[in-house]
Amino acid sequence: AHLELLHDSKAGIVTVYVFGKDVKTPVAVAAPTIVLATKDGPKEFTLTAVNPRADGTADTWRATHAGLMAEPLDGRIRVTVAGKAFQSPLESEGHDH
């Protein structure tokens, strides 16, 4: 899978797009989570589906929180694709995972 992360640090918004290996075909997944390193310890955010399917999966996810106003983000994203869990450092540009 390929994740693209857009980070608006001024608004504290993270949007994640999930694509297949071809980096073109959207892939619906269950809610990803982001774990940020903060001065108070790790903080976990579950993203909210943008246009979810009937089963609750989606190919676009978003989270809004003051803790996401940091630049750069220091943390990891976790997502499960086709039953397999993936974890990757947060990077605010497209990157194969």
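Biologist: What makes the stretch holding His7 a strand?

Modeller: His7 is found in β1, and strands here are DSSP runs of E with at least two residues, while helices are runs of H or I with at least four, all numbered from the N terminus. Mind you, this is a predicted model: local features need pLDDT of at least 70, side-chain atom pairs count only at pLDDT 80 or more, and totals for chains, interfaces and linings use all residues. Residues are numbered from 1 along each chain as its sequence is written, and side-chain values use heavy atoms, with hydrogens and water left out.

Biologist: Why is His7 called buried?

Modeller: Buried means under 20% relative accessible area (exposed is over 50%, partly exposed in between, with a 1.4 Å probe and protein chains only). His7 has 17% relative accessibility, so His7 counts as buried.

Biologist: What does the side chain of His7 reach at 3.4 Å?

Modeller: That's the backbone oxygen of Ala70. The backbone oxygen of Leu68 lies 2.6 Å from a polar atom of the His7 side chain.

Biologist: And which residues is Ser9 in contact with, leaving aside its neighbours within four places in sequence?

Modeller: Leu68, Met69, Ala70 and Glu71; contact means heavy atoms within 4.5 Å. Ser9 itself sits in the loop between β1 (2-8) and β2 (13-19).

Biologist: How do you know that β7 and β8 pair?

Modeller: Pairing takes at least two bridges found by DSSP. Six bridges join β7 to β8 (residues 84-89), running antiparallel, and Thr80 has Ala85 as its bridge partner in β8. Strand β3 (residues 33-38) is joined to β7 by four bridges, also antiparallel.

Notes:
A polar contact is a pair of N or O atoms within 3.5 Å; within protein, one must be able to donate a hydrogen and the other to accept it, and residues adjacent in sequence count only if both atoms are side-chain atoms.
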